[in-house]
Amino acid sequence: MKAFVVTKYKGPLQESDVPEPVVGERDVLVRVEAAGLNQLDEKIRTGEFKQILPYRLPLILGNDLAGVVIEVGPKVQSFKPGDEVFARPDKDRIGTFAERIAVTEADLALKPATISMTEAASLPLVALTAWQALVERANVQPGQRVLIHAGAGGVGSIAIQLAKHLGATVATTASARNADFVRALGADTVIDYHNEDFEQVLHSYDVVLDSLGGENLKKSLRVLKPGGKAIGISGPPDPAFAREIGLNPLLRLAITGLSSSIRRQARKLGVSYEFLFMHASGDQLRNIAELVDDGALRPVLGQVFPFEETPQGLRTLSKGGIRGKAVISNTRNLETSTDIRTNP
């Protein structure tokens, strides 16, 4: 089958013929009709995460998808051939820039019925990130104040909507040209990051979702009220993350050092900092699908590239400036949509 692979870190993403996926007893084979493009894909390609995510090369990139079930393993109970599904595969089983992929049943959910395949493919990674930050980690409650950075981006555009659904008052940072866009998503306060310093405007926030890191994260700690929480998705990684993914003691020590300064600053301010590297969850995707079908969340589809232009799409994404999410659409699969298999 056709797929886009990286053969060496910092090397180009190339189309290649690769073996068909192996379908385990609890796996679901999915024909990929659309796949999301993420900054994570570019960071993996450049080797930014090679110490903590030691992938074996060559590697098929791609971290989320929407498609149709072709075949199910003998112990799969929740899906059948022909089902329309979406997923963020487990970090150890990525590879959605391909015609087909085998995904474990636990990571998969039926796609929202009210949206298209390309819209569904825009959701898994960013929506799971928003859910795990605001629901799982921060437990956002009605009346709380939440700051979401980069509100016009993939994660931000979903996180604003989810925070509003949870009953929060939402502030976000965005460019002036995106101010009306993020207000339409539900932002109550918009800070033009080109001309305003959010630290000088905002105070006493309960939660900050930071996607930028560095100085932006340091300033974010200072807008929190005592007991508030900053959740970072760009780093630095913290010791809890190192334990969670089972790093060896030497790497755990290194990770602890990377985040020691920001954690120390947080303690001095009476707030906390946590690093979030989202995890796959079919259960959470089912919750997200319900919110989409109920009208509480809507996908924000910024740009769609054909499957054969996947490398160009990833390059465009890395330059920034796309509202919401960029997606690749595999019209090859749409044209061969009769490939449904049943177990004997």
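Let's start with one pair of residues. Val-208 has its bridge partner in S13, and that partner is Ala-230. One caution before I go on: this is a predicted model.

Now widen the view to the two strands. S12 runs over residues 205–210, and S13 over residues 224–232. They pair in the parallel sense, over five bridges. As a reminder, strands of a sheet pair through backbone hydrogen bonds, either parallel or antiparallel.

Next, the whole sheet. How many strands form it, and in what order? Six, in the order S11-S10-S9-S12-S13-S14. The sheet is open, and the pairing is parallel. At the edges sit S11, residues 189–192, and S14, residues 272–275; each pairs on one side only. On average, neighbouring strands are turned by 15 degrees against each other, direction ignored.

A helix packs on this sheet: H3, residues 124–137. H3 touches S9, S12, S13 and S14. Its direction makes about 150 degrees with that of S13.

Back to S12, for one side chain. Asp-206 lies in that strand. Buried or exposed? Asp-206 is buried, because its relative accessible area is 10% and the cut-off for buried is under 20%. Who are its contacts? Leaving out residues up to four places away in sequence, Asp-206 touches Gln-144, Arg-145, Leu-224, Lys-225, Gly-228 and Lys-229. Take two of those. With Lys-225, the Asp-206 side chain makes a side-chain to side-chain polar contact of 2.8 Å. Lys-229 is 23 residues from Asp-206 in sequence, yet their C-alpha atoms are 6.4 Å apart in space.

Now to helix H11, residues 310–318. Which of its residues are buried? Thr-310, Pro-311, Gly-313, Leu-314 and Leu-317. Why do they fall on the same side of H11? Because they cover an arc of only 160 degrees around the axis.

Just after H11 comes Gly-320, with a positive phi of about 80 degrees.

Last, the annotation. An unreviewed UniProt entry gives "domain: Enoyl reductase (ER)" for residues 11–328. In the model, that span is 33% helix and 25% strand. Its end C-alpha atoms lie 20 Å apart.

Technical notes:
Residues are numbered from 1 along each chain as its sequence is written. This is a predicted model: local features need pLDDT of at least 70, side-chain atom pairs count only at pLDDT 80 or more; totals for chains, interfaces and linings use all residues. Side-chain values use heavy atoms; hydrogens and water are left out. UniProt positions are given in the numbering used here, feature names are shortened, and annotations may be inferred rather than shown by experiment. Helices (H or I, at least four residues) and strands (E, at least two) are DSSP runs, numbered from the N terminus. Two strands pair if DSSP finds at least two bridges between them. Axes are lines fitted to C-alpha atoms, for helices over the stretch in contact, and angles run from 0 to 180 degrees between N-to-C directions. Contact means heavy atoms within 4.5 Å. Buried means under 20% relative accessible area, exposed over 50%, partly exposed in between (1.4 Å probe, protein chains only). The arc is that of the directions from the helix axis to the C-beta atoms. A polar contact is a pair of N or O atoms within 3.5 Å; within protein, one must be able to donate a hydrogen and the other to accept it, and residues adjacent in sequence count only if both atoms are side-chain atoms.
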